[in-house]
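Before you plan around this model, please read the points below alongside the sequence and the coordinates. They cover the helix packing, the core and a few individual residues.

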Amino acid sequence: MPRSAPTRRLVVALLLSCALLAGATACGGDDDGGGTQAAGSTSPGPTTSAQQQKWAKARFVANAGLAAGAAYQWIVKPYRAGTFKKGADGRTFAMVKAGVAGAFTYNRLKAAEDNAKGDPLLAKAVAPLAAGIASLKDVVTRMTRGEPGAGEVGAFESVIDSVKDAGKSAGAEVRDKVPSTSQLSG
């Protein structure tokens with residue numbers, strides 16, 4: 001006796017649901033039983049120590065490069081052009097961009113510092129710079145309150161140069177990469 005079309009659809013849907021459920025159950029668990037994890041939520045990661053170090057260097061270079069590019073483009077360059085001086089054309093907008101760029105630079109340098117921990121040589125080179133990177137948080141606050149002076153701009157240049165030198169000594173050369181506006185504001 002042939003089945004009707006609605007019954008066949010129901011059977012096919014039921015079989016597909018069971019197959020998907022069985023597949024997700026088989027693939028979605030973790031080995032240690034320490035919780036549940038949805039299928040497809042794991043991200044592929046480096047498996048060997050050498051791969052982990054390679055990715056740590058690549059992430060360090062990317063984050064430090066974005067920090068250096070932002071600091072140069074929106075802090076150092078406008079300062080040297082005199083845009084931050086009282087009465088200068090576009091001063092207010094330049095100050096706002098410098099404040100955002102300062103916060104972005106601090107954030108990316110902290111990320112680069114964390115990335116460096118994945119590579120022993122890089123971690124050793126960057127470790128002495130932690131205090132300098134942390135001090136930029138206060139510099140950003142001072143910059144947003146008033147006219148950035150040579151001290152604030154110099155602090156950014158000094159820390160960026162130190163991070164670049166540390167990266168170069170560890171085989172992770174950092175080049176300036178100016179972030180897009182969406183990266184800067186995100």
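**Notes on the helix packing and the core**

1. The axes of α3 and α6 come within 12 Å and cross at roughly 25°, where axes are lines fitted to C-alpha atoms, for helices over the stretch in contact, and angles run from 0 to 180 degrees between N-to-C directions. That angle makes α3 roughly parallel to α6, given that angles under 35 degrees count as roughly parallel, over 145 as roughly antiparallel, 65 to 115 as roughly perpendicular and the rest as oblique. The crossing is left-handed, a term used if the near helix is turned anticlockwise from the far one by less than a right angle, with right-handed used if clockwise. In this pair, Gly102, Thr105 and Leu109 of α3 meet Phe156, Val159, Ile160 and Val163 of α6, contact being defined as heavy atoms within 4.5 Å. The residues of this contact divide into five nonpolar, two polar and no charged; Ala, Val, Leu, Ile, Met, Phe, Trp, Tyr, Cys and Pro count as nonpolar, Asp, Glu, Lys and Arg as charged, and the others, Gly among them, as polar.

2. On the basis of these values: this is a predicted model, in which local features need pLDDT of at least 70 and side-chain atom pairs count only at pLDDT 80 or more, while totals for chains, interfaces and linings use all residues. Residues are numbered from 1 along each chain as its sequence is written, and side-chain values use heavy atoms, with hydrogens and water left out.

3. The secondary structure comes to seven helices and zero strands, where helices (H or I, at least four residues) and strands (E, at least two) are DSSP runs numbered from the N terminus. Of the 186 residues of the protein, 31% count as buried, meaning under 20% relative accessible area, with exposed over 50% and partly exposed in between (1.4 Å probe, protein chains only). Among contacts between residues at least 6 apart in sequence, 74% join residues at least 24 apart.

4. α3 also packs against α5, at an angle of about 165° and with the axes 9 Å apart, and this makes α3 roughly antiparallel to α5. The crossing of this pair is left-handed. On the α3 side the contact includes Met95, Gly102, Tyr106 and Leu109, and on the α5 side it includes Ile133, Leu136, Val140 and Met143. By class, the contact has eleven nonpolar, three polar and three charged residues.

5. For α2 and α6, the packing angle is about 150° and the axes are 10 Å apart, which makes α2 roughly antiparallel to α6. Here too the crossing is left-handed. Among the α2 residues in this contact are Phe60, Ile75 and Tyr79, and among those of α6 are Phe156, Ile160 and Val163. The residues divide into 13 nonpolar, one polar and three charged.

6. The largest nonpolar core has 39 residues, of which Phe60, Ile75, Leu109, Leu122, Leu136, Phe156 and Val163 touch the most other members; such a core is a set of buried Ala, Val, Leu, Ile, Met, Phe, Trp, Tyr and Cys residues joined through side-chain atoms within 4.5 Å. The elements that give two or more residues to this core are α2 (49-81), α3 (91-116), α4 (120-126), α5 (130-145) and α6 (150-169), and α2 gives the most, with ten. Leaving aside neighbours within four places in sequence, Leu122 is in contact with Lys57, Phe60, Ala116, Ala166, Gly167, Ala170 and Ala172.

7. Which residues does Pro148 touch, not counting residues up to four places away in sequence? They are Tyr79, Phe84, Met95 and Met143. Pro148 sits in the loop between α5 and α6 and is buried, with a relative accessible area of 2%. The C-alpha atoms of Pro148 and Phe84 are separated by 6.9 Å, although these residues are 64 apart along the chain.

8. Two further residues deserve a look in the viewer. Glu152, in helix α6, is buried with a relative accessible area of 16%, and touches Val139, Arg142 and Met143, not counting residues up to four places away in sequence.
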